[in-house]
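Please look over the sequence and the structure below. The briefing then takes the topics one by one.

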Amino acid sequence: MSRMRLFMQRVGWPRVIIGLFFVLLVVASPLLGLKLTDVVSDVLRRWALFGILVLAMVPGVQSGIGLNFGVSLGIVAGLIGATTSIELAYRMGGPARPWTELGIAFLVAIPVALIFGWAYGHLLNRVKGSEMTVSTYVGFSAVAFSKIYWAVLPVKSGTLIFPYGGEGMRNTISLEGTYGGLLSDPDVTANQPGILKWMAFRIGGVSIPIGTILLFLFVCFLVWLFLRSKSGIALSAAGENELFTRSNAIKVDSKRLQGTILSTVLGAVGIIIYGQVYGFLQLYAAPLYMGFACVAAVLIGGATTRRATIVNVIIGTLLFQGILTTSLPVIQRLVPQGSRLSEVVRPIVSNGIILYALSKTKGGNQIEK
Amino acid sequence: MKSKKKTNQSEVSQADIQVIDGTNPLKASLDWMFNNKVMLLFAALSVGAVLVSGISMNFVVSNILTRFARNGFTVLSLLIPVLAGLGLNFSIVIGAMAAQVGIFFAIDWGTIGVPGMLVAFAIATPLAMLLGFGVGRLFNKMKGAEMIAGLIMAFFAEGFYQLFFLFLLGGVIPVKTPSNVLAGGVGIKNTIDLTGNLKYALDLVKLADLFLVAAVILLVVTAFKAVSSLKKKEAFPLKPAVFLFLSAVLYGVTFIPGVGDYFKTDRLPMISAIEIGGLITVLYCLFKLIVNWRRPAEGFKKTRYLVMILAAAVLYGLTYIPPVYDTIKSASLAVLPFGLIAGLCVFNRVFLSTRLGQNMRTAGQSQVIANASGIHVDRVRVIAMMISTVLASWGQLIYLQNLGTFGTYGAHTNVGLYAIAALLVGGASVQKATNKQAITGIILFHTLFVVAPDAANTLFNNAMLGEYFREGVSYGVIALALAMHAWQRKKKPALEVPE
C-alpha cells in the first residue's frame, strides 16, 4: 500500500488519471470499430510532430524564466526560415531538391531565432518576477506583427503567394513536392534513394515516422548533454536559486539569456519539423496559441514552473497529443457532433492543466512584495 | 499642540512645492512627458493616423463617441482590481460570458426593450458574482501570478462556455425559440440578431425617464436616512433632501411644454453636453470657492478651481470656432450609456473613500501590512474580483445592446484584450489606474481603431495591414506596459545583492 502511495506521489495524480484515460481511449477505439493501426500511427505521428516544440520549454524553465509562453517568437522565426527557403528554391529554378531546401530552412531560421531570442532574453532579464505574463504578450504581439510581414513580402513562388490579388503569402502553404513528409511519410520516402527510403516505413499497417522520431530523440539527447555540461548545470542552478548561483560567481543574467535563446531556437527548429510532418506551414494567426499547447504538454509530463526534464517532455507530449488525437475519433463514434465536443474539451483540458500547475507552484514570482 | 504640528507640516509641504515649481519648469514638464510616454506616443500615433487617413473629423468624432459608449463601462470595470493589488484583470472575459448567458435567455424568453435588458441583468449579475467569487478564490491560491492565471482562466472558461452553448442548450436545457438553434436541434447558432428585441434598448432611454428614476432612488435614500436619523435622534439629513428637491424640480421642468421636448430626447447633442458640463463645472467651482471664502480650509488650492473655470470657458468658447462647430454639430451622446459611465466614474471615486476601498488600497500596497493591521486580505481580494466581474458583465450588456448582433462564440473573446490595452494606453500601470487614464485611453485607443484601416489603405494600398497593425499594437502595448512596470519594479527591488 505504501509503495503504491509512494508511486502515486512520484508520478502525481493528474498524470495517473490522464495516463489511464489515454489507455482507456486506446483500448476503446478498436471496440468502437476504429482500426488500432490507424490510431497508433496517428499517435506516433503527433508525438513526433510536437516533440521538439515541447522540448523548447525545458531550457526556459531550467534557466528560471518560467514557462515560455512566448515560444511563438521562435515559431515565427522558424516560419520565416521555412518560407524563405521555398522562395529561394523557386528563384533558383531547376529540379526540386527537398533535402537542400530543408537544410536552407534551418540555416535561415536558426540565425533569425538567435537574434530574436537574444533581444527577448534581454527583455526577460529586465522583468524578473513577471516573465510569464510579459512573455505571453510578447508572443502575441510577435505573431500579430508577423502578419504584416507575411502580407507585404513580395514573394514570387506559386506555392507561397496569395491566390487572390497576388500579394503577400497565403494562410496555409503546402509542402508537397518540397520537404513535406521527408522524414515521416512512408509514401514520400518510398521514392527516396538508398537509406533515405527507411526514414519512414509501415509495419503491419502502422506507419512509423522513424526519421522524425530519431531526430526528436537526438535533439532531446543534445539538450540532455547540454544540461549535463558545466554550462548547463550553471544554467539550471540559475533557475533554481539565483542568490546561491550569484555567490558562486556565475552570471545569472547571461545564463537566463542562454536559456531563452536556446528555447527560441528550439521553437524555430520545432516548427520546421512540425511543418515537415504535417505537410503544411500555417502562417498568420495559427501560431498564436501554439505556446499554450506546448506549455500544457510539458506540464502534463510532470514539469512545474521551476523544473522540467527531458522525460517530462517525452511523456507529456505522448500523453497530451495522444489524448487529443485519440479522443476525436472516439468521441465522434460515441456522440453525434462529437468532433465539436472534442474541440470544446481541448481548451478545458489544456488550460485546466496549466491552471493546476500554477496553483501548485504559487506562481513564478520570485520577488515577494 | 496637534494643530501646531499640522500647520508646520503644511508650511513645509508648501515650501517644497514652491521649490519644485520655481526651480525648473522645463524639467517638470520633461518629467511629466517621461511619466506619460506611452500615452503621448499613442496620441502622436493616433493624430498621425487621422491625418494620413483623410477621414473627416466629423466621422471620427461620432464614431469615437459610439465606441466610447460601447466600451467605456468595461474599461472602467478594470480599476478596482488594480486598486486591490490584483493587477490587470484579464478574467473580465468571464463577466462578459455571464452577460451573454443573460442576453441569450432574455431573447429566448421573448422579452424585448428595457424589460428584456432587466431580465438579462437579473440573470447576469448573480452569475457574474458567483464566477467572480470563484476566480477570486482561485487567485488567492496564486498570489503573484494573477495576471497570467486570469488570462488562462479566461481560456479555460471559454471551453465551458462553448460546452454550455453548443451542447447543453437544446441538448439538456430546452430552448424556446427554434430559430436560434442549429440544424441538428442541439446548440446555438453563431450569430443572433438583436434587432427588434434588445438592440438600442438602453440607448433609447429618454432623459426624462432617467430623471424620474434618479428622483425615485433619491426618494428612497432620503426616506431611509430620515427614518434612521429620527430613530437616532440626529439632525435631519439635509444633503439628500436638497438633492431630492433638485431632481424633483428637474423632473417637473419636463412637464413645461416647450422645455419638455428637450428632455424627451434619448440623445444629447454634444454641444448641449459641453454647455451643461461647463455650467456644472463653473457652479461646482463657485460653490467650492464660496465655501472656502466663508470658512477657509487648509491646503485649499484656489488656483485649481480658477483654472477649472477657465478651462470650461475656453471649451465653451471653442464651440464658436467654425471648424470645431462643424465637427461636433452632428455628434450626440446616448443618454443612458454615458450616464452609466459617468456613474461608474463616480462610484470608482467614492468607493476609494469607503472603508472597504481603503482596505483594498492597503491590501494592494502591501499584503503584509494589511494583514498586520487586521484586514482580511483574502476576503478583500475576492470582493474586488466580484465587483469587477459584475461590472464587466454590465459593460458587456451595454456593448451588445448597442452593437445589435450577438456573436455567440466570438463576442467576448477580445473584451479583455481591448479593455486592458485601452486602459494602458491612457497611461495606467499594473499598480495604478485612474478614471482619467481610463477615459483618455479609450479615446486614444479607439481613435486608432477607427482610422487604422483607412490610414493603411492610403499608405500601403492594403486595408488588411491596418487591421494587423492595430491588433499588433494592442498586444504590443500590453507587452510594453507590463515590461515597463516590471522594469521599474526591478530598479528598486526589496532585496538588492551587489554583483
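A cavity is a set of grid points where a 1.4 Å probe fits but cannot get out. Its lining residues have an atom within 4 Å of a point. Keep in mind that this is a predicted model.

**The cavity**

- Rolling a probe the size of a water molecule over the atoms shows where empty space is left.
- The count comes to one cavity of 30 Å³ or more.
- The largest cavity has a volume of about 50 Å³.
- Which residues line the largest cavity? They are A:Ile75, A:Leu79, A:Ile271, A:Tyr274, A:Gly275, A:Phe280, A:Leu281, A:Gln282, A:Ala286, A:Pro287 and A:Met290.
- Three elements of chain A each supply at least two residues of this lining: helix 5 (72–92), helix 12 (252–278) and strand 4 (280–282).
- Nine residues of the lining of the largest cavity are nonpolar and two are polar. No charged residues belong to it.

**The second largest pocket**

- A pocket, unlike a cavity, is an open set of points.
- The second largest pocket has a volume of about 1200 Å³.
- Its lining is made of 42 residues. Nearest the centre of the second largest pocket lie A:Tyr289, A:Met290, A:Phe292, A:Arg346 and A:Pro347.
- Which helix gives the most to the lining of the second largest pocket? That is helix 15 (residues 338–360) of chain A, with seven residues.
- By class, this pocket lining has 26 nonpolar, nine polar and seven charged residues.

- A:Ser29 is found in helix 2 (residues 13–31) of chain A.
- Is A:Ser29 buried or exposed? Its relative accessible area is 1%, so A:Ser29 is buried; the cut-off for buried is under 20%.
- A:Ser29 is in contact with A:Leu34, A:Leu36, A:Val39 and A:Val330, leaving aside neighbours within four places in sequence.
- A:Thr326 is found in helix 14 (residues 310–334) of chain A. A:Thr326 counts as buried because its relative accessibility is 2%.
- Not counting residues up to four places away in sequence, A:Thr326 touches A:Phe22, A:Leu25, A:Val26, A:Val39 and A:Val43.
- A:Val39 is one of the contacts of A:Ser29, and A:Val39 is also one of the residues that A:Thr326 touches.

**Two partly exposed helix residues**

- A:Phe221 lies in helix 9 (residues 210–228) of chain A. With a relative accessible area of 41%, A:Phe221 is partly exposed.
- A:Phe221 and A:Pro329 are 108 residues apart along the chain. Their C-alpha atoms are separated by 33 Å.
- B:Ala223 is found in helix 9 (residues 207–232) of chain B. B:Ala223 is partly exposed, at 42% relative accessible area.
- B:Ala223 and B:Pro237 are 14 residues apart in sequence. From C-alpha to C-alpha, the two are 9.7 Å apart in space.

**Helices of chain B**

- At what angle do the axes of helix 15 (residues 335–353) and helix 16 (residues 355–365) of chain B cross? The axes cross at roughly 80 degrees and come within 5 Å.
- That angle makes helix 15 of chain B roughly perpendicular to helix 16 of chain B, because the range for this label is 65 to 115 degrees.
- Helix 15 of chain B makes the contact with B:Phe351, B:Leu352 and B:Ser353. Helix 16 of chain B brings B:Arg355, B:Leu356, B:Gly357, B:Gln358, B:Met360 and B:Arg361.
- Four residues in this contact are nonpolar, three are polar and two are charged.
- In helix 8 (residues 146–168) of chain B, 20 of the 23 residues are buried, so this helix is largely enclosed by the rest of the structure.
- B:Gly170 follows helix 8 of chain B. The phi of B:Gly170 is positive, near 90 degrees.

**Positive phi outside glycine**

- A:Ala249 is not a glycine, yet its phi is positive, about 60 degrees.
- A:Ala249 lies in the loop between helix 11 (242–247) and helix 12 of chain A. A:Ala249 is exposed, with a relative accessible area of 71%.
- B:Tyr200, a residue other than glycine, has a positive phi near 60 degrees.
- B:Tyr200 sits in the loop between strand 1 (191–193) and helix 9 of chain B. B:Tyr200 is partly exposed, at 35% relative accessible area.

Methods: Residues are numbered from 1 along each chain as its sequence is written. Chains are lettered from A and ligands numbered from 1 in the order in which they are written. This is a predicted model: local features need pLDDT of at least 70, side-chain atom pairs count only at pLDDT 80 or more; totals for chains, interfaces and linings use all residues. Side-chain values use heavy atoms; hydrogens and water are left out. On a 1 Å grid over the protein atoms alone, a cavity is a set of points where a 1.4 Å probe fits but cannot get out, and a pocket is an open set with protein on both sides within 12 Å along at least five of seven lines; lining residues have an atom within 4 Å of a point. Grid points are joined across faces, edges and corners, and a volume is the space filled by probe spheres set on the points. Helices (H or I, at least four residues) and strands (E, at least two) are DSSP runs, numbered from the N terminus. Ala, Val, Leu, Ile, Met, Phe, Trp, Tyr, Cys and Pro count as nonpolar, Asp, Glu, Lys and Arg as charged, and the others, Gly among them, as polar. Buried means under 20% relative accessible area, exposed over 50%, partly exposed in between (1.4 Å probe, protein chains only). Contact means heavy atoms within 4.5 Å. Axes are lines fitted to C-alpha atoms, for helices over the stretch in contact, and angles run from 0 to 180 degrees between N-to-C directions. Angles under 35 degrees count as roughly parallel, over 145 as roughly antiparallel, 65 to 115 as roughly perpendicular and the rest as oblique.
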